[in-house]
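Work through the exercises below with the structure in view. Try each task before reading its solution.

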Amino acid sequence: MDLFNTLDLVVLERSLDAAQLRQKVLANNIANIDTPGFKRSDVSFDSMLQAYLGDPERPLAGRRTNERHLPIGSGDIEQLRPSVIQETSTTVSSNGNNVDIDSEMTQLAQNQIKYNALITQLNHQFSLLRTAINEGRR
């Protein structure tokens, strides 16, 4: 039995990875606000996670411990990875840059709040494990 490889902990780990990557991408967008022709980037993860968690076939998904194993069901949570996408369809300024500082700062604040909430949830999960381990000794 693997205590640290439960669905809850893996989802929290992947979400923290996505939040960390999003923080770097947003900081890069803000750093390049005056760069002519720069196109902003974003992180794609939340919709994939929601699709995975909302998939009714998910409980039947097999767990792959080796990349040569055949996938069973809708996929493995281990395969969910945040990815960086570049937004090229919009232009905010005349120099071809599409970074809107107000939008970036808002997204940065939202991401920080989400990151803190995820850390709180992770601490709660570890607190539950600690309680189970300590109470088991009595």
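**Exercise 1. Locate Thr-88 and decide whether Thr-88 is buried or exposed.**

Solution. 
- Step 1: Find the element. Thr-88 sits in the loop between strand 2 and helix 3.
- Step 2: Take the accessibility. The model is a predicted one, and in it Thr-88 has a relative accessible area of 54%.
- Step 3: Apply the cut-off. Exposed means over 50%, so Thr-88 is exposed.
- Step 4: Look for a partner across the loop. Asn-98 is 10 residues from Thr-88 in sequence, and their C-alpha atoms are 8.0 Å apart in space.

**Exercise 2. Describe the place of Val-99, its burial and its contacts.**

Solution. 
- Step 1: Val-99 belongs to the loop between strand 2 (83-86) and helix 3 (101-136).
- Step 2: Judge its burial. The relative accessibility of Val-99 is 6%. Buried means under 20%, so Val-99 counts as buried.
- Step 3: List the contacts. Setting aside neighbours within four places in sequence, Val-99 is in contact with Asn-29, Ile-33, Phe-38, Arg-40, Val-92 and Glu-104.
- Step 4: From Val-99 to Glu-87 is 12 residues in sequence and 9.7 Å in space, C-alpha to C-alpha.

**Exercise 3. Phe-38 is a contact of Val-99. Where is Phe-38, and what does Phe-38 touch?**

Solution. 
- Step 1: Locate Phe-38. The loop between helix 1 and strand 1 (41-44) holds this residue.
- Step 2: Check accessibility. Phe-38 has 16% relative accessibility, so this residue counts as buried.
- Step 3: Compare sequence and space. Phe-38 and Val-99 are 61 residues apart in sequence, with 7.8 Å between their C-alpha atoms.
- Step 4: Name the touching residues. Not counting residues up to four places away in sequence, Phe-38 touches Asn-28, Asn-29, Asn-32, Gly-96, Asn-97, Asn-98 and Val-99.

**Exercise 4. How do helix 1 and helix 3 pack?**

Solution. 
- Step 1: Two packed helices are described by the angle between their axes and by the distance between the axes.
- Step 2: Read both values. The axes of helix 1 (residues 7-31) and helix 3 come within 9 Å and cross at roughly 155°.
- Step 3: Classify the angle. Over 145 degrees counts as roughly antiparallel, so helix 1 is roughly antiparallel to helix 3.
- Step 4: Sort the contact residues. The contact of helix 1 with helix 3 has 14 nonpolar, 8 polar and 4 charged residues.
- Step 5: Helix 1 passes helix 3 in a left-handed crossing.

**Exercise 5. Describe the packing of helix 1 and helix 2.**

Solution. 
- Step 1: Read the geometry. Helix 1 and helix 2 (residues 46-54) pack at an angle of about 165°, and their axes are 11 Å apart.
- Step 2: Classify. This angle makes helix 1 roughly antiparallel to helix 2.
- Step 3: The crossing of helix 1 past helix 2 is left-handed.
- Step 4: Name the residues. Helix 1 contributes Leu-7, Val-11, Ser-15 and Arg-22, while helix 2 contributes Asp-46, Leu-49, Tyr-52 and Leu-53.
- Step 5: Sort them by class. The contact of helix 1 with helix 2 has 5 nonpolar residues, 1 polar and 2 charged.

**Exercise 6. Is Leu-129 buried or exposed?**

Solution. 
- Step 1: Locate the residue. Leu-129 lies in helix 3.
- Step 2: Decide. Its relative accessible area is 18%, so Leu-129 is buried.
- Step 3: Leu-129 and Phe-4 are 125 residues apart along the chain, and their C-alpha atoms are separated by 9.3 Å.

How values were computed
Residues are numbered from 1 along each chain as its sequence is written. This is a predicted model: local features need pLDDT of at least 70, side-chain atom pairs count only at pLDDT 80 or more; totals for chains, interfaces and linings use all residues. Side-chain values use heavy atoms; hydrogens and water are left out. Helices (H or I, at least four residues) and strands (E, at least two) are DSSP runs, numbered from the N terminus. Buried means under 20% relative accessible area, exposed over 50%, partly exposed in between (1.4 Å probe, protein chains only). Contact means heavy atoms within 4.5 Å. Axes are lines fitted to C-alpha atoms, for helices over the stretch in contact, and angles run from 0 to 180 degrees between N-to-C directions. Angles under 35 degrees count as roughly parallel, over 145 as roughly antiparallel, 65 to 115 as roughly perpendicular and the rest as oblique. A crossing is left-handed if the near helix is turned anticlockwise from the far one by less than a right angle, and right-handed if clockwise. Ala, Val, Leu, Ile, Met, Phe, Trp, Tyr, Cys and Pro count as nonpolar, Asp, Glu, Lys and Arg as charged, and the others, Gly among them, as polar.
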